[in-house]
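Please read these points with the sequence and the model open side by side.

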Amino acid sequence: MGTVLTVDDSEPVRKLVGMVLRNAGYTVTTACNGAEAMLRMQEQRFDLIVTDINMPVMSGAQLIEQVQQTHPELPILVLTTEDQQRQNRSGNVSGASGWVLKPFQPTQFTDLVHRLLHRANLA
């Protein structure tokens, strides 16, 4: 179905997101921050990135900026506890394809992932 890179500094969140996506048929790789995600992207091709915003070493906002420069076609879904309007005002999420607040509903989350991947494949 697709290969997803999940980036979050919380191990329980990485495990939960990974489980939900694997149960929906996706292949999942995880990273604990943006810097590790960039390393994973050198090793493997991904169809979608799911990232938190607030992380040590390299934030999700920095990751989005980097990915936009190197892989502008790659959809990025923000999964965070941060309010989208506050993040938009600070300019931290420009380039994100979608937004989901934690905690999330697994069915709605996988539906959004599916739509983003479908849209990316049609482009």
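1. Val57 lies in the loop between strand E3 and helix H3 (60-70). Helices (H or I, at least four residues) and strands (E, at least two) are DSSP runs, numbered from the N terminus. Val57 has a positive phi of about 70°, although it is not a glycine. Most residues other than glycine have a negative phi, and most peptide bonds are trans. At 69% relative accessibility, Val57 counts as exposed; buried means under 20% relative accessible area, exposed over 50%, and partly exposed in between, with a 1.4 Å probe and protein chains only.

2. Some conventions apply throughout. This is a predicted model, in which local features need pLDDT of at least 70 and side-chain atom pairs count only at pLDDT 80 or more, while totals for chains, interfaces and linings use all residues. Residues are numbered from 1 along each chain as its sequence is written, and side-chain values use heavy atoms, with hydrogens and water left out.

3. The chain has five helices and five strands. From the N terminus on, its elements run β-α-β-α-β-α-β-α-β-α. Of the 123 residues in the chain, 47% are buried. Among contacts between residues at least 6 apart in sequence, 60% join residues at least 24 apart; contact means heavy atoms within 4.5 Å.

4. The five strands of an open sheet are ordered E2-E1-E3-E4-E5, with parallel pairing. Strand E2 (27-31) and strand E5 (98-101) are the edge strands, each pairing on one side only. Neighbouring strands of this sheet are turned by 20° against each other on average, direction ignored. Axes are lines fitted to C-alpha atoms, for helices over the stretch in contact, and angles run from 0 to 180 degrees between N-to-C directions. Two strands pair if DSSP finds at least two bridges between them.

5. Strand E3 (residues 48-51) and strand E4 (residues 76-80) pair in the parallel sense over three bridges. Thr51 stands opposite Val78 in E4. Two helices pack on the sheet. Helix H1 (residues 11-23) touches strand E1 (3-7), E2 and E4, and its direction makes about 170° with that of E2. Helix H2 (residues 34-43) touches E1, E2 and E3, and the direction of H2 makes about 135° with that of E2.

6. Trp99 is in strand E5 and counts as buried, at 15% relative accessibility. Trp99 and Leu79 are 20 residues apart in sequence and 6.1 Å apart in space, C-alpha to C-alpha.

7. Which residues does Met38 contact, leaving aside its neighbours within four places in sequence? They are Met58, Leu63, Gln66, Val67 and Thr70. Met38 itself is in helix H2 and is buried, with a relative accessible area of 17%. The C-alpha atoms of Met38 and Gln66 are separated by 8.3 Å, although the two are 28 residues apart along the chain.

8. Thr110 is in helix H5 (residues 106-122). With a relative accessible area of 14%, Thr110 is buried. Leaving aside neighbours within four places in sequence, Thr110 is in contact with Val20, Leu21, Ala24 and Tyr26.

9. The peptide bond from Lys102 to Pro103 is cis, with omega near -10°. Pro103 is in the loop between E5 and H5.

10. The largest pocket holds about 220 Å³ of space. Of the 12 residues that line this pocket, Arg45, Phe46, Asp47, Glu73 and Leu74 lie nearest its centre. Its lining has six nonpolar, three polar and three charged residues. Ala, Val, Leu, Ile, Met, Phe, Trp, Tyr, Cys and Pro count as nonpolar, Asp, Glu, Lys and Arg as charged, and the others, Gly among them, as polar. On a 1 Å grid over the protein atoms alone, a pocket is an open set of points where a 1.4 Å probe fits, with protein on both sides within 12 Å along at least five of seven lines; lining residues have an atom within 4 Å of a point. Grid points are joined across faces, edges and corners, and a volume is the space filled by probe spheres set on the points.
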